[in-house]
Structure formats: C-alpha cells, structure tokens
Amino acid sequence: MTILHVITGAPGAGKSTLLRHVAAYPFGTVDFDELPGPDGRLLGVDITSASASAVWPAYNTLWVKIASMMLRAGGPVLVLCPLTPGEWASAAAGAVDAPRTTWAHLDCADADRRARLAARGWGPDRIEEAIEDAGELRGVVNRQFTTTGRSPADVAAAVAEWIADGPGPGPVRGAAGRGGPGSRARASGPRG
C-alpha cells in the first residue's frame with residue numbers, strides 16, 4: 001500500500017492556504033476542515049466545539065478511513081490535519097486497512113500566527129492556545145515546512161518534492177496527544 005503523507009499544523013500555520021496551492025500537483029490532498037460546513041457542523045454536530053469532544057475520536061477515525069479509500073487509487077495522498085501522530089495512531093487502531101504514514105509539520109513564526117489568527121477575529125486567549133499547540137507540535141514531528149518568509153507556491157513546491165521523494169527515515173519524535181480533532185484553539189471555535 002502507498003504511504004500516506006500527513007502534514008500537521010496548529011491553527012494559523014497555513015494549512016488551508018497550502019491546500020489551494022498543492023492542487024496543481026499530481027497527488028490527492030484533503031484537509032480535516034473540508035468536511036464540516038462553514039458553521040463547523042457535520043451531521044448536525046458542531047464538530048469544532050469543545051462540547052463535541054465525545055465524538056472527536058470517531059471523527060478522527062473517519063479521516064483514517066477516508067485516507068485509506070483515497071490510497072486505493074494507487075497514487076500519493078496528502079492529508080492536512082491538526083492531529084499529532086499519536087492521535088492519528090489512536091484513530092487508526094483496529095482499522096482493517098489503516099495506511100502507513102509519514103509526517104511533516106507546517107509551522108510559522110509565533111508573530112505571524114498571532115497576526116493571522118487576529119485577522120480571523122480570534123481573541124487573545126484562543127491565540128495563545130494556538131501558540132501553545134504550535135510549541136507542542138514542534139517537539140513531535142521532525143520534518144518541518146515553514147510558511148514564514150515563503151510564498152505559498154514555494155511551500156507547495158517543497159511539499160510536492162517531499163511527497164515525490166517518498167517517505168524518509170522515522171519522522172516522528174514522539175506520540176503526544178492533545179485531544180480532539182484539532183487543537184484546543186480549534187476545538188473552541190472556528191477552524192484552525
């Protein structure tokens with residue numbers, strides 16, 4: 001089975017922007033934020049709300065299944081998500097055809113993250129939670145792509161090169177978990 005490429009990132013890292021720019025490359029790409037509607041709802045549940053934390057494990061498992069189905073086509077697949085490798089592994093536990101994964105981390109300078117999230121209307125407390133989540137992710141995944149000081153097209157090209165080169169040596173430093181289908185910051189409101 002083809003290796004699944006997963007890029008994690010805290011809110012404000014640039015996952016949604018990256019999604020638009022990798023569309024020109026010959027691999028399938030999906031983002032965890034694509035299933036819920038603009039109001040954060042999926043099947044009548046606001047999946048982005050902390051009150052939905054009981055269904056987050058099922059949401060994560062749904063994404064493992066979606067990625068597995070996409071890989072059946074035989075080509076490379078990239079999933080953009082806010083999970084840690086440990087959270088993904090928990091979601092994949094027991095899945096019949098859970099894909100093997102290789103990981104990277106999309107990041108940016110904290111000052112850039114603050115500015116991006118403030119532009120989305122996030123308050124100081126939520127922004128600081130996102131900064132904390134970013135700090136945690138920096139200690140979990142070895143391979144990193146920064147969006148600070150780089151155009152989205154340049155980041156997309158670097159990601160495409162990583163995918164074309166195939167999986168590298170063990171990209172995961174740890175298997176820490178932060179909880180739901182996203183960071184604390186995403187779980188308490190609009191998407192990350």
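Is Arg 72 buried or exposed? In this predicted model, Arg 72 turns out to be exposed, with a relative accessible area of 60%. That puts it past the cut-off, because exposed means over 50%. Its salt-bridge partner is Asp 97, and the closest N and O atoms of the two sit 3.5 Å apart. This pair ties together distant parts of the chain, 25 residues apart. Arg 72 lies in the loop between helix 2 (56-71) and strand 5 (77-81), while Asp 97 belongs to the loop between helix 3 (85-92) and strand 6 (101-107). Asp 97 itself is partly exposed, at a relative accessible area of 27%.

The bridge between Asp 97 and Arg 72 is one of five salt bridges found when the whole structure is searched. Others come together in a network that links Asp 107, Asp 110, Arg 113 and Arg 138. Within this group, Asp 107 pairs up with Arg 113, with 2.5 Å between the closest N and O atoms. Both Arg 113 and Asp 107 are buried.

Asp 107 also forms a salt bridge with Arg 138, and here the closest N and O atoms are 2.5 Å apart. This is another link between distant parts of the chain: Arg 138 is in helix 5 (residues 124-138) and Asp 107 is in strand 6, 31 residues apart.

Key:
Residues numbered from 1 in each chain as written. Predicted model: local features only at pLDDT ≥ 70, side-chain atom pairs only at ≥ 80, totals over all residues. Heavy atoms only, no water. Salt bridge = Lys/Arg side-chain N within 4 Å of Asp/Glu carboxyl O. Helix = DSSP H or I, 4+ residues; strand = E, 2+ residues; numbered from the N terminus. Buried < 20%, exposed > 50% of the residue type's maximum accessible area, 1.4 Å probe, protein only.
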